[in-house]
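Here are my notes on this model.

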Amino acid sequence: MTISTGPENPRDRLIVALDVPDVEAAQTLVEALGDTVNFYKVGMQLAYGGGLDFARGLADDGRQVFIDLKLLDIANTVKHGLESLAQLGATFATVHAYPQTMRAAVEVRGDSGLKILGVTALTSLDEKDLIEAGYARTPEDLVEFRVRAALDCGIDGVVASPLEARRIREIAGPNLAIVTPGIRPAGADRGDQKRTTTPGDAILAGADYLVVGRPVIAASDPAAAANAIVDEIEDALTKRGD
Ligand code: C5P
């Protein structure tokens, strides 16, 4: 059985996080990356700086777009928010993996083509951070709990640390796409990420898509950095037999 639920072209598995302050900076980056990147993530920083129209433009140009606003609100508000994101042409959108929120998301997803990802536990959180936030669980326990909830609710995938990808694949089989941020090529600065692996190790652990921000967007040559990651993804896919 293949463990992959991801796309065939390794390049389509790299999602570059456009964590930049404004549309001008995003445009410069997308131009610099050219054909090396097909999939972009628009998160809070850019979305709140005019980035949703920019995201619509990317989708209109045939790029895939991941809107990462990590929705968590009453069901009615989440539904209407996701309806708007579906109209924008997004491929992925995130909600926090709370059952009520995930059920609302599944209800509105319909046949729009929008896929819903649940955020299990932020990759910047370790056990101490969870205790401080009122959770009496380790990050691993919380992730497992939320993966089972995601399966029950019927969403499309989860966002999780690459260190949890193997366990998630064991629990979910091919029924959830696994999207992993917290990726750091060998020797790269970890920044605030606490649970990281290299691109190759994330794929070997069963990740379908890798979200990469700073290692690409802060590189002196972003296209070369993206290409190196795609090569690593391709090698790891060959190793794992995809
Ligand atoms: O720069 P870096 O590669 O750390 O960026 C990772 C991206 O993935 C950021 O946009 C961050 O918001 C996002 N993300 C994450 N952890 C999650 C969900 C999303 O780091 N659990």
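1. Surface. This is a predicted model. The protein chain exposes about 10,900 Å². Carbon and sulfur atoms supply 48% of that area. Buried residues account for 52% of the 242 residues.

2. Fold. The protein chain holds ten helices and eight strands. Its radius of gyration is 17 Å, close to the 18 Å from the globule rule for 242 residues, so the chain is as compact as a globular protein of that length. The C-alpha atoms fill a box of roughly 40 × 40 × 35 Å along the principal axes. Of the contacts between residues at least 6 apart in sequence, 66% join residues at least 24 apart.

3. Charge. There are 24 positive and 36 negative side chains. The centres of the two sets lie 5 Å apart. The whole structure has nine salt bridges.

4. A buried pair. Lys41 and Asp68 form a salt bridge at 2.7 Å, N to O. Lys41 sits in strand 2 (residues 39-42) and Asp68 in strand 3 (residues 64-71), 27 residues apart. Both residues are buried.

5. A helix-to-helix pair. Glu107 and Lys79 meet in a salt bridge at 2.8 Å, N to O. Glu107 belongs to helix 4 (residues 99-109) and Lys79 to helix 3 (residues 75-87), so the bridge ties together parts 28 residues apart in sequence. Glu107 is exposed at 58% relative accessible area. Lys79 is partly exposed at 22%.

6. A network. Salt bridges link Glu144, Arg148, Arg167 and Glu170. Within this group, the closest N and O atoms of Glu144 and Arg167 are 2.9 Å apart. Glu144 is in helix 6 (residues 139-153) and Arg167 in helix 7 (residues 165-172). Glu144 is partly exposed, at 22% relative accessible area. Arg167 is also partly exposed, at 33%.

Notes
Residues are numbered from 1 along each chain as its sequence is written. This is a predicted model: local features need pLDDT of at least 70, side-chain atom pairs count only at pLDDT 80 or more; totals for chains, interfaces and linings use all residues. Side-chain values use heavy atoms; hydrogens and water are left out. Helices (H or I, at least four residues) and strands (E, at least two) are DSSP runs, numbered from the N terminus. The radius of gyration is taken over C-alpha atoms; the globule rule is 2.2 Å times the number of residues to the power 0.38. Buried means under 20% relative accessible area, exposed over 50%, partly exposed in between (1.4 Å probe, protein chains only). Contact means heavy atoms within 4.5 Å. Accessible areas come from the Shrake-Rupley method with a 1.4 Å probe; for residues, only the protein chains shown count as cover. Lys and Arg count as positive and Asp and Glu as negative; His and the chain ends are not counted. The place of a charge is taken as NZ of Lys, CZ of Arg, CG of Asp or CD of Glu. A salt bridge is a side-chain nitrogen of Lys or Arg within 4 Å of a carboxyl oxygen of Asp or Glu.
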